Amino acid sequence: MSNSVLQNTPPKAFQNAAVIGAGVMGAGIAAHLANAGMKVLLLDIAPSALTDAEQRKGLTLQDPEVRNRLALSAIGAMGKSKPAQLYDAAYAKRIQAGNLSDDLGLLHEADWIVEAVVERLDAKREILAAVESHRKPGALVSTNTSGLSVEAMTEGRSEAFRSCFAATHFFNPPRYMKLVEIVPTKDTSAGTVAKLTELCERRLGKGVVLARDTPNFIANRIGSFGMLTALEDTLKFGLTIEEADALTGPALGRPKTATFRMLDLIGIDTLLHVVNNMRSRLESGEEKRLYGRTTVLELLAEQGRLGEKTGAGFYRKLRGENGQSRIEALRLDEMVYEEQRKPVSPVIEAAKTAKGAGAKARALLAAEPSHKHAQFVWSTLKRTLLFAASQVGVIAESISDIDRAMRWGFSWELGPFELWDAVGLPSTVKRMRQEGELIPEWIESWLAAGHTSFYSTEGGKRLYASMERQSQDDGPPWKRSPDGRGREGQGALEIARKEAKVIKGAASIVPRQEPEAEAVTPSVVSREERPEPDVISLSALRDAGRTVLSTPGASLIDIGDEVACLAFHSPNNAIGGDILAAIHGASEEVSRNWRGLVLANEGRNFCVGANLMLLLMEAQSGDWDEVEAIIRMFQGSMLRLKRLDRPVVAAPHRMTLGGGVEACLPADAIIVSPETYFGLVETGVGLIPAGGGCKEAALMAADRARAAAGGGRFTLAGLQPQLNAMFETIAMAKTSTSGREIEGFGLLRPQDRHIMRQDARIAEAKRAVLELDREGYRPQEERRIAVAGREGRAVLQVGVQAMTLSRQISEHDALIGRKLAHVLAGGDARAGAEVSEQYMLDLECEAFLSLCGESKTQERMRHMLTTGKPLRN
């Protein structure tokens, strides 16, 4: 399997990293550095006492197992954590455990040292002093702090050290959260900012924003304010916490955790820590008032009700005598729990029927304006938007960085300024004025100039409102204007990268001090948003009129260089007749006019499978001709992709299940991003893959047997182990927990490739198409598949029978297993016979139709559609 990464990566010199602190964040960062292929040294303190288990083993405080206990424990937990920290449990071998007493000398080998110890300034200063004594010249050093003063940490450090130092604030869990806030100080060199950005974006697959060295930086500053505001308004308008969560979750383009479930998740104590940090570092009394410790939070903390970590917070989960659990919600007026109630109102219902975050927010504000739910939403939204506007030039250089930080760090669908545009900038500002609110001067200036939104698009480029400052001293590259852009319209990062090229040895650029606020004259202009590297936005191309063909379920979009992308956009991207028709239409169009085709989309998931509801309806009505027609159309569409006379590259992401996998397997190559959850899961609904999935699995098994035999003929003994592995993967409905794990399931081919940045998958797939085209692409030819036949089927069915007798599977599971074995082994063919692809497709169709007629299969289909979970009957 190829491990190549198509995208450009940082210099090869960055292969060794060290993380100091093996707590939750330190271990998570170390795991993700290992995911990126780095060798990692993980250090923590050497324990001062033995555990009972160590005493029983006869160990002493001098044994390495004891001295490295904290780091070893963290590494051991990585392979068992839920959600998984590592892409593959084997990657734990890339991490070396050590301790701060014995192993500081090993820091000299590290190209990047990440400090992630306890959030105390004195502790961090002490660690950084030790790091300076052992790091090699030029090595990058960063702190993972969520809001302490970055500059204060460098007190007593040399100029050379300070130039190579910044904060890299990862969000928890580091593997899954996209955001990294890079926080330079006035002494951080441009080269350091550039290198850290390259490492985080290209090597770790993260989204980077530049934050100013202010309390809690960007995302936590705005996110914590938003949660405190929602709590205050919940009390003000007399809402229950269920009502507030219904109005501040998906209805407002936010995660399902909304406000109070999010507070329980992060912990009441954690929020109070953030509030205390803000209050200790903010200077004005008005700012401190915004971060008040409310009575509700104080009471919960005093009572030890800190959220999920203690079993109770704003919600608590109880398990009844029958084993069923129930959720209770806190009543804020009496501070007692009652069974949670589903909130209902015309405001909530209006948001449910609207499509998209912007439309939902507009619906919340427009439906029944006098209703307390609408008043709550307006108050909370208004205060959050005005607060975000007041922070431009304070916590970040641009509204773009603020919006990205909230999308990537708090999973908002729209950042505050994007949401403000969506609900109507002029109309909402007018309403705010009428209510006596003070509008920031830069927004008044922007509106007075005739603008009606913060963002606009010109020539395919996204522009945003940028508050500029004019000064005799333009400061370091990332502070030369309030939107983070430098001279001659260049982005700060581009300037940093260029200036980094002239640095010899240790970075030597020492930026000048930021100009005093009173010496600055603000103005507002349009600036081009810094694009994410290697990102092709299908929505932007669609808005720019680059759609070539479209059906209700899919669109063919011109992504440049004579390459087209077929993007699914049906509900859940489930494959139905409209998508299959689009595949046929796109194939014809690409064959005539394009160099190749990419299969990708920007939905929440790539594809969750076939349209199960349609299949169930036809099966229940007994219209077997229609069911067969659906199967044959699906098979034909996949063959059409496989036989296309232009290269086809698939770029799946997140959930790629059942028919989604079958849509990828005909491609000439699959570009696999890390968070791709890939599996042929049809047995979970009582079926088997019938869109070519079994046929492709049998083909891959035969190819592996042939490769193991040196490329020549192989025997049944060589084929059977490969077939057994494929059978287990499909019969057990195995789904990968990462892109890397797919390889172990046998569902990738040698030509398929891994990347680290999910958002670069479309650009990578496009490059792969062009590469295949330049090499003189020849379409895939009809293959003959060597099968295991009756003898191989018997081996598979013996395994099914053994699991049935041991009660590991049900009788219906066994029936499905026997059908699957029959298809994968090539039916009644003799062992070693070579059959056509169409022969295998016919076997798939026959077995699928037979299982559709089973009542227990239909029960499984219904259960999945109603609950989203598989039924084992």
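Predicted model: local features only at pLDDT ≥ 70, side-chain atom pairs only at ≥ 80, totals over all residues.
1. Start with helix H1, which runs over residues 24-35. From first C-alpha to last, its 12 residues reach 16 Å, close to the 16 Å expected at 1.5 Å a residue.

2. H1 is largely enclosed by the rest of the structure, because 10 of its 12 residues are buried. Among them are Ile29, His32, Leu33 and Asn35. The cover over these buried residues includes strands E1 (16-20), E2 (39-44), E3 (95-99), E4 (112-115) and E6 (165-170), plus helix H4 (69-78).

3. Now look at the largest nonpolar core, with its 108 residues. Those touching the most other members are Leu107, Phe314, Phe417, Trp420, Trp442, Ile443 and Phe454. Helix H17 (residues 372-390) gives the most to this core, namely 10 residues. There's also a second, separate core of 88 residues, and Ile575, Ala698, Val800 and Ala829 are included in it.

4. Trp442 is worth a click: leaving aside residues up to four places away in sequence, it touches Ala389, Val392, Ile399, Phe417, Phe454, Ala465, Met467 and Val524.

5. Helix H35 (residues 855-867) has 13 residues and reaches 18 Å, close to the 18 Å expected at 1.5 Å a residue. Its buried residues are Thr857, Gln858, Arg860 and Met861. They span an arc of only 155 degrees around the axis, so they sit on the same side of H35. Helices H25 (612-621), H26 (624-643), H33 (811-824) and H34 (837-852) are included in what covers them. Gly868 follows H35, and its phi is positive, near 75 degrees.

Key: Residues numbered from 1 in each chain as written. Heavy atoms only, no water. Helix = DSSP H or I, 4+ residues; strand = E, 2+ residues; numbered from the N terminus. Expected span 1.5 Å × (residues − 1). Buried < 20%, exposed > 50% of the residue type's maximum accessible area, 1.4 Å probe, protein only. Contact = heavy atoms within 4.5 Å. Core = buried A, V, L, I, M, F, W, Y, C linked by side-chain atoms within 4.5 Å. Arc of directions from axis to C-beta.
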